[in-house]
Every structure is written in C-alpha cells, then in structure tokens.
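Here's a quick tour of a few local features, written for someone who likes cut-offs spelled out. Have a look at the model first.

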Amino acid sequence: MMDGSQKIGGDGVWRVGVDSGGTFTDVCMFNQNTGRIAVWKVSSTPDDPSRGIAQGVEEGMDACGADNAAAAISYLGHGTTVATNALITQRGARVGLLTTEGFRDLLEIGRQKRPDLYDLFASKPPTLVPRALRFELPERILQDGEIARPLDEDAVRSAARALKAAGVEAVAICFLYAFVNPVHEQQARRIVEQELPDAFICASHEIAPEFREFERLSTATVNAYLGPIMHRYISRLTPRLQDLGLPVPPHLTQSNGGVVRFEVAAQTPVRAVLSGPSTGVVAAQAIGAQAGYPDIITFDMGGTSSDVALMAQGRTAQVNEATVHGYPIKAPMLDIHTVGAGGGSIASIDSGGLLKVGPESAGADPGPVCYGRGASEPTVTDANIVLQVLNPTHLLDGRMEVRRDLAVAAISAMAERLGMDVMDTAQGIISVVTANMAKAIRVISVQRGHDPRGYALMAFGGAGPLHAVRLAQELGMARVIIPRNPGILCAMGLLLTDLRADFSTTRLIPLQDSELSAISDAVAHVGAEAAKWFESEGLPEDQRRSNRRVDLRYEGQNYELSIAVPDGAITADTIVRLKQGFAAAHERMYGFAVPEERILCVTFRAEALGLVQKAELPVRPLGGADASGAVAGSRAVWFPETRAFTDSTLYARDRLAPGMVFAGPAIVEQMDTTTLVPPGVTVRVDEIDNLVLELSDVR
C-alpha cells in the first residue's frame, strides 16, 4: 500500500472512491488486477465542490501512472457532505408544503417535545417551511385506506399556483394515511408537476411509506428542502467526470453505508445526510474484523466535524429513524453521532470570558490562520501548529506551506484576553475540543449501556490520529488503532461497500398463526420492491443478497424493535421464531419480556444488497521490533505532561513495517495525517500496517 506521492505505474482496471469534505477531498484507488491501493488528497473547493473532486481524480490517477487516466476506471463511488452541510447551515431550497386540512402546523408542533427536558430556554431548529408556504387541502383517507373525502383538485391547483408565485424551488406533499393509500398524494403530485414543471417534488409515500405522520412529514420536507441542492450538485459533477473520460456511471453513498446511482441519489437526498461518514464506518468495520478487534469505537475527525460510532461484535447498529441536526428522518442509516469539532473549528471567548471551540469552522477557504489566507480567528489546527504537534512549516508532504508565526500571533492575542500563557492557551484549545468529542462518544456508549473502556478507539480522518490518544485518555480507553491511511478512510470505505437499497411498508398485523396470509403478503410486497431494484441495477443473480426484517411491538407500546425474518416461506414456525427473537431483543433492551402479551407487526422491511468486488488489505509478515529505520528526524513538541517543548522522534509512516515497536514522545507523519504519540504510550505495527497504540496511564 502506497501513498499518492509515489508512482505505482502499470496498466489495470481501477476502482476509485472519492470523499469530499468541508476542508479536503480524498481519493482512494484500488487496482483490481494487482491489488495495489493508492491515495491522493487535494483541498476542497467549497464554491463548486465538483472542481476539487475532478481535480483529485485526475491528479490521483496520474500519480498512479494509469494509462488513459479516467478511462481506466471501472467503478467510481463518491461520498459527500453537501446534504448535511445544507441542513446544518440552513441553506436548502425554498420549500412549499401541501398537507391534509387541519394539519398545516404539524411541522411546527411536532411531538411537543423540548430538545432538553429541563432546559426552559432550549430552542428548536428552524421550521424548514414558513407558515405562509404551508397549504392545507380538503381530503381525508381513513386508517384502513378508505377514501372518506375526495381530494379537492381545484384547491391543489390554486395552492400550486400560489407556491409558484412565491418562487418556491421544491414542494413537499404529505397527506394523512398516504402510506396506506397514496392515491391523493399521486393526484396532487400530477397537478403540481403541471403547474410547477421545474420544481423538485416529493410525496411522502415515495420517500417514507411508514406510519407516524409527523416523522413522515418531516422526512418528506427535508427531502424537498435538500432536493434542488443535490440536483445542482450532481448536475455540476456529472459533466466534469464525463469530461475526464469516465466510462462508467458514478455512484453516491447513502447514510446506510451502501451506494446508489447518481440519478437515484438526486431524488432521495434525505438518505444521504450521513453520506460522508458512513463509509468511514464501513471501512473501520472491515479493518477491525481483519485486525482482530470486533469491539471498537470509531472516531472520524475532519476539518469541520467529528463523527463517532460504536461497533459491538463487528457490527455497527443501524437505525430506521433518527434525528439529524434537529430534524426527524425516517430512513435507514448507520448509528453515527456528529459533533461540530474538527481541525478547522474556531476558538473564541464567550460572553462569560471562557474559552469555547466550535461549532463554527474556518473550512477550506480561508481556513485556519496558519494557511495565510487572511483568517484571524485561531482554530484547532493553529493550536497544533503552535504546539508543533503538526509540522510548523508544511503539511501534505510539503505540498502545502503553513505559517506558524501567524498562528502564534492569533493565539497570543487570545491568551492576552484570557490572561494565560500562549502555550497553555494552545493546549487549552486542544483540551476543550477533546472534551467536546468525548461528550459525543458518551452519547453512543455510556448513554446506551456500553462502557468505552471495553473498546478500542479506531481513529481516522485527517485530524483523528492527531487527537486520538488525548480522547482515549479522557474516556479511560487503553488502546488506539490508527489504520494505514486514516486521512482517506472514508474514501477507502467506498471501495469496501456494496450497492444497497432499503424498502419498507407499514401494515399493522397481529403476530399470530391466523394472520399468516397477511404477514406473508407484506413480506412479499417489500421483497418484490427489492427484486425490482435488482433488475433496474442489472445485477446478476450471484451478486444479489437480500435480508428481511419486521418491526415488532407489544400491543399498546409506542416504539418497535426490528427483528430478522427467517429465510424461506412464511409458516407457523416463522411466527414462533419471530416471537422468540422479539422476546430476546426486548429483554436486552428493557430488561424484561411479557410472553402472554399480544405482539403486533408494524413495519416490514427489505434490505437489497448488490455485491461488488472490494479492495483487500494486504497482509505482511511480522518482522523485527527495531523501528530505527523509520526515523525521519526529530522535532521539539510542547506536551502538557512535561509543560515544555520536548524533543520527539519523527517517524515516516511509509517506512514503518509490521512488527516494529517504539514509544513516545514521538510523531508519525504521512501525507494524509499526523499521529501524536505522547510520553508513556507504546506503538506497535501489526500485519495490516495498523498502528496499535497502548496507553499505560489510563484512568
């Protein structure tokens, strides 16, 4: 495995993964003929991300020495933060809403829950559709699908014309019980298409054919809010890739860790709100399994945010509904928690005179102060430059110059306002951002019954290895794992994932033998949707895999547990096994089960997987422990343990071989990241080139 600074030459067919973040665009390339992996990294171009993506692919393929460059690519997968960034920054489209009479304000009322029960001043996220653009229409479908009141088509047309006059770019349509009978939503959609032919239109039964009207409404609205943004993004990126000579249709990753074609992703942007971080978790899962660490907590720190996930026994939990940046979304996604803490997070002093870091980010342009592009507010990266944890003169193997003097000046000004020493202020910025990230990990571990001390921390992203040990110390974790190419692990994950689509339908059916026919019909319905998708993707039979699940609950409960449906025909034995599976899951989740209580089937689901050839991590035999051959020099680094600049050994990552062992204080440098090894930490290199850091002073 090599980094992008080395020519690897030769012909071949290449699978390429591209992860576009707020600060850097990462490219990972896998040669299907030779098994070689190469990586490349360029600065993102926030004004038009497609420029940075095309540049990264072109430069990366050239660095590989591939003949015909992009024409040699057999697959291109892409992960992006465009959807989640639009949601976070409230820069989505102007949206109109059509809903059932009497439900105009449901989007604002929600579940009447405060974000924080005991915070009297807690604020809810802004409503994505202003009240003036929400129209309620005469219609009513009952819970069994019967039409109690026909849709008033004239009212739909009048509302559509009002929305057109208001200049909306997108329209969400959500009627009561449309998941049972979508006929009114279909009628309304046809009328809106006639009146607003250029608008993005989303009907709730198309994106979330499930019960719970508020969550379904929220999902349809978020999808409409992001639709024009994703359309513009893809319409810019597609021709740029075509101009490079890309011979295959590109794919975009979804929040569930799978990928779909660009045209599908353009219609379902709500399913891509975790597009970028999901593939990093997929890659971490593959690496953890191969390295023998099934229980890990992933820590992906980039320039703008940090994403964390917990993996128990080699599997990351998946949820079918989640609240993303304050908005409920009914869509399958990996259970990932995000916090606004990255290398570009800006440090400031709050109204109480205390140091604060994030969630605001300097992004790629102007970036941190040390980039020399006119920024004046210090960031986490500037703090690391001042401490000399990061190279104080250049990054990216010398391709990017930085100025420590500018970072020192910015942090000195802050230190003066705080009445603190410059180095203490820089370390204080690191400590605050570490506390922010530790809080995120406690959400997905301690708050869900998992002790983080029983897990290894797998750190990746451009800034993850830089902060991993400090974070592990904060959480009392004893082991940190740094993959071979941590800065581009999300891009690598695109080469380790499969095509995937999820289908669902809500049908309230008692789980009992007398309902075998109805249960079988519901399972067959989602199975048929999956089969239709396989055909549309042109996947051969040997590459098709599908899993069936059903959400179950005791009658009278509010929430469900998802249980796997056994393979084969639905029989009385299927009912028995589903009951057993539900009882076991309920016992795990709540500590009890009630065997005599009636169980209801609520939502039936099918997961369709299209298997693809994946990159394989090369295994190398363990050699001697002497790591002196990888020493690239030394640098004085300021450590809180010594409260002084301490001479630290520099190691070149590409010269570290399996079996080598060394101890801190040390710094490991490579093109895509820097790994901090404080005093008292021991490092060994395993057979797949992971750095395994053992902490001796954990709490």
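Strands β28 (residues 544-554) and β29 run antiparallel and are joined by four bridges; two strands count as paired if DSSP finds at least two bridges between them. Strands (E, at least two residues) and helices (H or I, at least four) are DSSP runs, numbered from the N terminus. Before going on: this is a predicted model, where local features need pLDDT of at least 70, side-chain atom pairs count only at pLDDT 80 or more, and totals for chains, interfaces and linings use all residues. Residues are numbered from 1 along each chain as its sequence is written, and side-chain values use heavy atoms, with hydrogens and water left out.

Back to the hairpin: six residues sit between β28 and β29, and Gly556 takes a positive phi near 100° there. Across the pair, Asp551 stands opposite Ser562 in β29.

| Face of β29 (residues 561-564) | Residues |
|---|---|
| covered | Leu561, Ile563 |
| uncovered | Ser562, Ala564 |

Next, helix α16 (residues 572-590), which holds Met589. Met589 is exposed, with a relative accessible area of 53%; exposed means over 50%, buried under 20% and partly exposed in between (1.4 Å probe, protein chains only).

Finally, Gly664 lies in the loop between β33 (661-663) and β34 (666-670). Its C-alpha atom is 22 Å from that of His394, 270 residues away along the chain.
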